[in-house]
Amino acid sequence: MPLTKNVKYIHEPTDLQCGQAVLAMLGDVTVGEIIELVGTDRETDLKQMLSALNCLDIKYDPIRYEAKSKTDLPQVAILSLETPRCWHWSLYFKGTFFDPEHGILDDFPVSNRKYYWKITED
């Protein structure tokens, strides 16, 4: 399952499934398929996220980068954001933020720290 060409927004089914929703949007699969792949319907950690990308055959740079603004981001990235409530996974895709909790946005959702992993389109 290669990287999707066009993201279809997926709202996280529960407050604990932002990672699964991000992976489902990237791979153009269902959240249920991702839950089976990562082995949990609860929070996902970085190891689970990267393992799922490998299984989906989605290429990525394994280095974590910090972002201060939208201009720091590559074309496609998985975001790890420290929001006021918790750490949260989100997706940046070609100029648009597809956030499983907050919807489709023009900029980051409110967050204190912002990190990303670059998704490559090879």
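I began at leucine 91 and left aside its neighbours within four places in sequence; it is in contact with Val7, Val22, Met25, Leu26, Ala77, Leu79, Thr96, Phe97 and Phe98. Apart from the core taken up in the next entry lies another core, of 9 residues, which includes Leu73, Ala77, Leu79 and Phe108. I note here that the model is predicted.

Entry on the core. I looked up the largest nonpolar core and found 27 residues in it. Leu26, Leu53, Ile78, Leu91 and Ile119 have the most contacts inside this core. I then asked which elements supply at least two residues each. They are helix 1 (18-27), helix 2 (31-38), helix 3 (46-55), strand 2 and strand 3. Helix 1 gives the largest share, 7 residues.

Entry on strand 2. I asked how many of the 7 residues of strand 2 (residues 76-82) are buried. The count is 6, and I wrote the strand down as mostly covered. I next looked up its partners. Strand 2 and strand 3 (residues 87-93) run antiparallel and are joined by 7 bridges. In this pairing, valine 76 stands opposite phenylalanine 93 of strand 3. A hairpin through 4 residues leads from strand 2 to strand 3. Strand 2 also pairs with strand 6 (residues 113-118), again antiparallel, through 6 bridges. There I found leucine 81 with lysine 114 of strand 6 as its bridge partner.

Entry on charged pairs. I counted 6 salt bridges. Side chains of opposite charge can pair when their charged atoms come close.

- Lysine 59 forms a salt bridge with aspartate 57, and their closest N and O atoms are 2.7 Å apart. Lysine 59 is partly exposed at 39% relative accessible area, and aspartate 57 is partly exposed at 45%.
- Lysine 68 forms a salt bridge with glutamate 66, with 3.3 Å between the closest N and O atoms. Lysine 68 is exposed, because its relative accessible area is 63% and exposed means over 50%. Glutamate 66, at 44%, counts as partly exposed.
- Arginine 85 and glutamate 101 meet through their side chains in a salt bridge of 3.2 Å, N to O. I asked where the two residues of this pair sit. Arginine 85 is in the loop between strand 2 and strand 3, and glutamate 101 is in the loop between strand 4 (96-99) and strand 5 (103-105). The pair links distant parts of the chain, 16 residues apart. Glutamate 101 is partly exposed, with a relative accessible area of 24%.

Technical notes
Residues are numbered from 1 along each chain as its sequence is written. This is a predicted model: local features need pLDDT of at least 70, side-chain atom pairs count only at pLDDT 80 or more; totals for chains, interfaces and linings use all residues. Side-chain values use heavy atoms; hydrogens and water are left out. Buried means under 20% relative accessible area, exposed over 50%, partly exposed in between (1.4 Å probe, protein chains only). Two strands pair if DSSP finds at least two bridges between them. A nonpolar core is a set of buried Ala, Val, Leu, Ile, Met, Phe, Trp, Tyr and Cys residues joined through side-chain atoms within 4.5 Å. Contact means heavy atoms within 4.5 Å. A salt bridge is a side-chain nitrogen of Lys or Arg within 4 Å of a carboxyl oxygen of Asp or Glu.
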